[in-house]
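This briefing goes through the sheets, the helices and the surroundings of the ligand in one structure. Please keep the sequence and the 3D view open while reading.

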Amino acid sequence: MSVVVIGGGPAGLMAAETLAAAGRKVTVYERMATPGRKLLIAGRGGLNLTHSEPIEHFLARYGEAASWLRPILEAFPPSALIAWAEGLGQPTFVGSSGRVFPKSLKASPLLRAWLARLAGLGVELRTRHDWRGWNERGNLIFAVDGKEIEIARPAATVLALGGASWPKLGSTGDWANILSAQGVAVTRLRPSNCGFRAAWSPAFRERFSGSPLKPAVFSFGQQRVRGEAVITASGIEGGAVYALSAALRDAIESKGEAMLEIDLSPDAALDRLCAKLDRPARGQSFSTFLRKSARLSPVAINLLREAHAELAREPAALAGQIKAVRIPLLGTGPIERAISTAGGVSRSAVDARLGLRTLPDVFVAGEMLDWEAPTGGYLLQASLATGAAAAKAILTA
Ligand SMILES: Cc1cc2nc3c(=O)[nH]c(=O)nc-3n(C[C@H](O)[C@H](O)[C@H](O)COP(=O)(O)OP(=O)(O)OC[C@H]3O[C@@H](n4cnc5c(N)ncnc54)[C@H](O)[C@@H]3O)c2cc1C
């Protein structure tokens, strides 16, 4: 039985590997000139493959989707991913935050070894094949070199078309219209692990776009994240903001605005900061006084001024302002710049084997399914695990 996999990202390639290793004839169709472009970009940040935390904590990162992802992730857990990477000649290590990386800190050697393994298994890779849906005969249609070609409907098809972030890498989310037209429920695609818009003054924007803000503690609701963010021309982005992004995004969607709170002096308790500020300025400008006594960077001092029209002169009140800078966030940054995508093929549209209920010979894997998770290796882990699960479902059908 031959199987078609559409989408040559981590999910599609893992589905192809699992099927071919079991002896199936597999063809992978990819619209770009080469597969795995997003995986390669992920490698620029060191390629965080997965996370070493206990499995229950790990599963909790997927929020509501954890209930249905659990069996899939238990069947292909972080240990399986690490063994797989090591089998491709990429030994891994656990970083100080518990995140797991290949020792090379790159995706290219892993992808190269993976593609060689797939070729050895007989997987055929057809690039520059842009899938456009099914025709009236039920066959697959692709745009190739400006022409439309038809490929006979295979016994099983795996769709692994990715989300809608970084569309120039190939995943544009345009599959949502094709699947909706087939009666598949698709939850609106939204940015996840994304930046946000804030109403900076022109002077602040001009001077501090691109400036890192660290160390700081970023809070929203009950969530607190210590880390780093970057001021952008339109707002704020970076690891610590990404970690809060699902809650911030949902709050903005329901209330129109979300208040991000930033502690600019996270290493000093309030009373200690207050004591540091309780000294004469001795002819210094107020900015110099803040820089020297509270050790605030220029960007932190000016962020403080953005948030407070008047800075308090009384030490306790000033310390309070420094430890709780409130920035109203007005919207998410564009999905094109987000790390990942929320929404996608709805859980109700697939069965437990990731087969589409309305198209039983079609399986779905990877980021195009409706789950989201923070950065930390959770994205690749679930993409690979769902790719393996869709393939196993086909093998046992
Ligand atoms: C900057 C950045 C850094 C990241 N870093 C990490 C990290 O360190 N750790 C981590 O866990 N995750 C990371 N991610 C996220 C991770 O890369 C993705 O979650 C993962 O690649 C999703 O895999 P996928 O196979 O589902 O989709 P994709 O990797 O998006 O692959 C989908 C493929 O389908 C192809 N395709 C789409 N539509 C069609 C069509 N109509 N016809 C044919 N082909 C089509 C696309 O060209 C693409 O090759 C990062 C993402 C970004 C943008």
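An open sheet of 5 strands runs in the order β6-β2-β1-β10-β20, and its pairing is parallel. The model is predicted. A second open sheet has 7 strands and antiparallel pairing.

**The parallel sheet**

- The edge strands are β6, residues 124-126, and β20, residues 362-364, and each of them pairs on one side only.
- On average, neighbouring strands of this sheet are turned by 20° against each other, with direction ignored.
- Strand β2 covers residues 25-29 and pairs with β6 in the parallel sense over 3 bridges.
- Thr 27 has Glu 124 of β6 as its bridge partner.

**Helices on the parallel sheet**

- Helix α1, residues 10-21, packs on this sheet and touches β1 (2-6), β2 and β10 (156-159).
- The direction of α1 makes about 165° with that of β2.
- Helix α14, residues 378-395, also packs on the sheet, where it touches β1, β10 and β20.
- Between the direction of α14 and that of β20 the angle is about 155°.

**The antiparallel sheet**

- The strand order here is β17-β16-β13-β14-β15-β12-β18.
- β17 (325-329) and β18 (331-332) stand at the edges with a single partner strand each, so one side of each has no neighbour in the sheet.
- Strand β13, residues 212-220, and strand β16, residues 258-263, pair in the antiparallel sense over 3 bridges.
- Within this pairing, Val 217 stands opposite Asp 263 in β16, and Ser 219 stands opposite Glu 261 in β16.
- β16 is also joined to β17 by 5 bridges, and these two strands run antiparallel.
- Met 259 has Pro 328 of β17 as its bridge partner.

**A helix on the antiparallel sheet**

- Helix α9, residues 239-255, packs on this sheet.
- The strands touched by α9 are β12 (196-197), β13, β14 (223-231), β15 (235-237), β16, β17 and β18.
- The direction of α9 makes about 105° with that of β14.

**The pair α10 and α13**

- Helix α10 (residues 270-277) and helix α13 (residues 315-323) pack with their axes 8 Å apart, at an angle of about 125°.
- Because of that angle, α10 counts as oblique to α13.
- The crossing of α10 and α13 is right-handed.
- From α10, the contact is made by Leu 270, Leu 273, Cys 274 and Leu 277.
- From α13, the contact is made by Pro 315, Ala 316, Leu 318, Ala 319, Gly 320, Ile 322 and Lys 323.
- Sorted by class, the residues in the contact of α10 with α13 are 9 nonpolar, 1 polar and 1 charged.

**Around the ligand**

- The ligand is surrounded by 38 residues, and the closest are Gly 7, Gly 9, Gly 162, Gly 170 and Gly 366.
- At least two residues of the shell come from each of α1, α2 (37-42), β7 (130-134) and α14.
- Which element gives the most to the shell around the ligand? It is α2, with 5 residues.
- By class, the shell around the ligand has 18 nonpolar, 14 polar and 6 charged residues.

Conventions
Residues numbered from 1 in each chain as written. Predicted model: local features only at pLDDT ≥ 70, side-chain atom pairs only at ≥ 80, totals over all residues. Pairing = 2+ DSSP bridges. Helix = DSSP H or I, 4+ residues; strand = E, 2+ residues; numbered from the N terminus. Axes fitted to C-alpha atoms, helices over the stretch in contact; angles between N-to-C directions. Contact = placed C-beta atoms within 7 Å. Parallel < 35°, antiparallel > 145°, perpendicular 65-115°, else oblique. Left-handed = near helix turned anticlockwise from the far one by under 90°. Nonpolar A, V, L, I, M, F, W, Y, C, P; charged D, E, K, R; others polar. Near = placed C-beta within 6 Å.
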